[in-house]
Amino acid sequence: MFSLIRYSYKTLTLSEHCTLTLLGLDGAGKSCFANSVRMLFGMEGAERIFPTTGQAIAKGYPKPRLPGIPRKIEFSIVDVSGKPGYRKFWVQQYKSTHGIVWLVDTSSAGQARWEESARELHKVLLDKKLDNTMVCIVGSKMDLSSSGETSQGKSSPRISDSQMIQELASVFGVEEISRTHLCKVALSKCPVTPTRETHQGPEDVLLWVAQNLVSTDPRVMMRKDFIEAHKNDPDEDI
């Protein structure tokens, strides 16, 4: 009942906040994705984000406003280092995040680490503090994906976007994740200087998140209640 009342209030006030945490192995393209979001949508609160040795945050409203979304949504994008020595700090973000954006390097070199990345993602999602979070698995660096090699090391022509999505879904166990989380697979390019003409990915991810955020899906509302209940908790001890 409380969630439904709050949902009605949010709809009337036309404003909401959403925190997304970018995770994945080192070199997966998290900082590039964060910069693309920040620059494409005019997000404020951070200078250009470089590959992180800790964490960096960008914050702001998508500009122009996301199509079909009935209210303004302020996004906080938290980029956390994927280096092995820093992964223990990921847990500090769990209680406050609405969704995990898991970046996966789709270049030939990156595909060799897919199994490792999938294991890390499933390990992360075992934490009860991430119950009911949205999970978006983003295949990054699509512009760097070379032709002639798949994740199994077989020679083949460059695969299509739809084939890449199917392959990611299979390796990362999206069917299993979807039993407990809202889950999506998306693709993203990672140009050095992203523009609306050269970049793809962040718009689709933010729109998918926003559509779920303003929905009455019980998992989303339970997640909002959890974040509200723990917003004043102290940071996790590491």
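How many bridges join strand β1 (residues 15-23) to β4, and do the two strands run parallel or antiparallel? The pair is joined by 4 bridges and runs parallel; strands count as paired if DSSP finds at least two bridges between them. The model is predicted, so local features need pLDDT of at least 70 and side-chain atom pairs pLDDT 80 or more, whereas totals for chains, interfaces and linings use all residues. Residues are numbered from 1 along each chain as its sequence is written, and side-chain values use heavy atoms, without hydrogens or water.

Helices (H or I, at least four residues) and strands (E, at least two) are DSSP runs, numbered from the N terminus.

In β4, 7 of 7 residues are buried, that is, under 20% relative accessible area with a 1.4 Å probe and protein chains only, where exposed means over 50% and partly exposed lies in between. In a regular strand the side chains alternate between the two faces of the sheet. Here G99, V101, L103 and D105 point one way, and I100, W102 and V104 the other.

Helix α5 (residues 161-171) has M164, E167, L168 and V171 buried. These residues lie on the same side of α5 because they cover an arc of only 100° around the axis, taken from the directions from the helix axis to the C-beta atoms. On the other side, Q166 and S170 are exposed. The cover over the buried residues of α5 includes β4 (99-105), α4 (114-125) and β6 (183-187), contact meaning heavy atoms within 4.5 Å. After α5 comes G173, with a positive phi near 65°.
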